[in-house]
Amino acid sequence: MKKVFVSIIMVVLLLISGFLAYLLITTPRVKEFEKKGITIQLESDFEVVESEDWDFYVANDEIAFMANRHGKASTIKGPGDVNIKLTDFTLSSYLSFILALYGISTEEDKGNNVTIYNVDTYGSGFYYCYYKDGTGKYAYMLFVKQNENFFYTMNLACAADKLDDYRTKMLQYAISVEVE
């Protein structure tokens, strides 16, 4: 009887250790990436990518994160190469400005219209929207944040046919972003 009891205990312990090993192997590891005052938490398979167009760029095989920051006291080239001062922008008007730069409308009567959402989670308020590029190959979650001195423009990108699969994950990534 004692041998049967010990055998049962051994089998249970082996099953538990096998399950824990499975969880350890399959659970994604979270890694913190930081550059230019932006910090984001992503899975550890993301890698830093050098880019001339973005201050901060990391990607894995499925999703890319890109970010730029603009000083609130600076000017930026607007539509028609007009210099626009950022000093009077609110966060929502900054997002509308960025969308205009991308040629994307928030008006329903325009072709590629988007809906803008506001999130105020854990004190990290931001505005975001989803859009597809002109080719229909890629989809983006564009979101903007700010601090006292900077506006931050950030995109999470994926294949357009995968957007519905990644919306929740992209929003979680966006919520994880902290700006200095």
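Author: In the hairpin of E1 and E2, 2 residues lie between the strands, and lysine 36 takes a positive phi near 55°. This is a predicted model, in which local features need pLDDT of at least 70 and side-chain atom pairs count only at pLDDT 80 or more, while totals for chains, interfaces and linings use all residues. Residues are numbered from 1 along each chain as its sequence is written, and side-chain values use heavy atoms, with hydrogens and water left out.

Reader: What makes E1 and E2 a pair?

Author: Strands (E, at least two residues) and helices (H or I, at least four) are DSSP runs, numbered from the N terminus. Two strands pair if DSSP finds at least two bridges between them. E1 and strand E2 (residues 38–43) have 6 bridges in the antiparallel sense, so they meet that definition. Within this pairing, phenylalanine 33 stands opposite isoleucine 40 in E2, and lysine 35 stands opposite isoleucine 38 in E2.

Reader: How many bridges join E2 to E12?

Author: 2 bridges join these antiparallel strands. Isoleucine 38 also stands opposite valine 179 in E12.

Reader: Which strands are called edge strands?

Author: The open sheet has 3 strands in the order E1-E2-E12, with antiparallel pairing. Its edge strands are E1 (30–35) and E12 (178–179), since each pairs on one side only.

Reader: Why is E2 called largely enclosed?

Author: Buried means under 20% relative accessible area (1.4 Å probe, protein chains only), against over 50% for exposed and in between for partly exposed. Of the 6 residues of E2, 5 are buried, so the strand is largely enclosed by the rest of the structure.
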